Amino acid sequence: MSRVRIAVAGAGLIGRRHIEEVQKSRSAELAAVVDPAPPAQFGAPVYRSLAELFAAGRPDGVILATPNQMHVQGGLECVEAGVPVIVEKPIGHTVEDATRLVEAAEAAKVPLLTGHHRQYSPIMARAREVISSGVLGPIVAVVGSAVFYKPDDYFDVGDGWRRQPGGGPILLNLIHEVNNLMSLVGDITAVQAMTSNATRGFPVEDTAAMVFRFAGGALGTFLLSDTAASARSWEQTSRENKEYASYDDEDAYVLAGTTGSLAIPTMRLKVFPGTRSWYEPFETSTLDIDRTDPLANQVEHFAAVIRGEAQPLVSGRDGLDTLRVTEAVTEAARTGRIVETGLGPSNPPA
């Protein structure tokens, strides 16, 4: 089987990770790098723009890892060229712009994927299996957190755009968590939120607290901060990215149903063996997981999509739905009101 030729646009932090995974892939090869000022040599042709790339020759696919505000335009250029594309999250800077991209890709029948790479995690796949099995019963409550400390130099890149609105943890980090939770529990239909920038003092938030209502009637809380000395985040608990220290006594999410609960990503399962009561002991176990790198798995999946062997696991429309929720969080924090997302039924089951 010949390897598909994938170009990576954007050679920043996440772009370089994509380049590494394409170069290591058994199904793909690096066709080109697109960046106006690449920071290194990657053993592949370098072009200053997507237009230059497409004029020189059409790759089989593109991974778009440019700054957020360039995602929609770059995605539209790929769609126009008929080239399948993974657009890094968020799929667009705004719901309005992202909708243009999603509709254009659907009309042109060009595969459009959103780079929510955690969906390719064996941890998430196993959690979905547990929930689908019914062992937890109907999900009634979700507790989630992504609290961590970003170093000061993280905010210096790209003329400091991460200090400005749109560069904070809601759009950069919460968007991953929302996508995870919706894949596990279903659409988030309404949100409440409060934000603070008191610690860093940037024009953008550094901390947020949220309440979610899910389409099935479950309620959830979520705490987010990029200025907290804590390990309660996916990166520091999943053991999927070896660049982060990990802590086996912490979790990112706890999902509770009427008969059991699952802590993720430690995969600690508690289930009532008989009578359901807080006086009764749970049967407890820890599920085994074959941990592999989701970014590597995403490249293999993208190659299969390009060859027509698979449908996108995380489509452009999935990315758009996730963006709708993060925009609703920002609006809820701004107004102090409950904000409906427009996803799922407008009212939960009685």
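How many residues does H1 have, and how far does H1 reach from its first C-alpha to its last? H1 has 12 residues and reaches 17 Å, close to the 16 Å expected at 1.5 Å a residue. The expected span of a helix is 1.5 Å times one less than its number of residues.

A word before the views: this is a predicted model, in which local features need pLDDT of at least 70 and side-chain atom pairs count only at pLDDT 80 or more, while totals for chains, interfaces and linings use all residues. Residues are numbered from 1 along each chain as its sequence is written, and side-chain values use heavy atoms, with hydrogens and water left out.

View 1. Contact means heavy atoms within 4.5 Å. Helices (H or I, at least four residues) and strands (E, at least two) are DSSP runs, numbered from the N terminus.

**View 2. The pairing of E1 with E4.** Strand E1 (residues 4-9) and strand E4 (residues 61-64) run in the parallel sense and pair over 4 bridges. Two strands pair if DSSP finds at least two bridges between them. To find your place, look for Ile6, which stands opposite Gly61 in E4.

**View 3. The buried residues of H1.** In H1, the buried residues are Gly15, Arg17, His18, Ile19, Glu21 and Val22. They pack against E1, E2, E4, E5 and H9. Buried means under 20% relative accessible area, exposed over 50%, and partly exposed in between (1.4 Å probe, protein chains only).

View 4. Arg17 and Asp293 form a salt bridge, with their closest N and O atoms 3.2 Å apart. The two partners are 276 residues apart: Arg17 is in helix H1 (residues 13-24), and Asp293 is in the loop between strand E14 (283-286) and helix H9 (294-306). Arg17 counts as buried at 14% relative accessibility, whereas Asp293 is partly exposed at 22%. A salt bridge is a side-chain nitrogen of Lys or Arg within 4 Å of a carboxyl oxygen of Asp or Glu, and by this rule the count comes to 19.

**View 5. Two further salt bridges.** Asp251 pairs with Arg268 in a salt bridge whose closest N and O atoms are 2.5 Å apart. Asp251 sits in the loop between helix H8 (234-237) and strand E11 (253-257), and Arg268 in strand E13 (residues 268-271), 17 residues apart. Asp251 is buried, with 8% relative accessible area, and Arg268 is partly exposed, with 32%. In the other bridge, Glu331 meets Arg334, the closest N and O atoms being 2.9 Å apart. These two are separated by about one helical turn because they lie 3 residues apart in helix H10 (residues 316-335). Glu331 is partly exposed at 31%, and Arg334 is exposed at 63%.

**View 6. The nonpolar cores.** The largest nonpolar core has 44 residues, of which Val191, Met210, Phe212, Phe222, Leu255, Leu262 and Ile264 touch the most other members. Helix H7 (residues 169-185) gives the largest share of this core, 7 residues. Apart from it lies another core of 28 residues, including Val87, Ile91, Val110 and Leu112. A nonpolar core is a set of buried Ala, Val, Leu, Ile, Met, Phe, Trp, Tyr and Cys residues joined through side-chain atoms within 4.5 Å.

**View 7. Backbone details in the loops.** Most residues other than glycine have a negative phi, and most peptide bonds are trans. A cis peptide bond joins Lys89 and Pro90, with omega about -10 degrees; Pro90 is in the loop between E5 and helix H4 (95-108). Lys109, in the loop between H4 and E6, has a positive phi of about 60 degrees although it is not a glycine.
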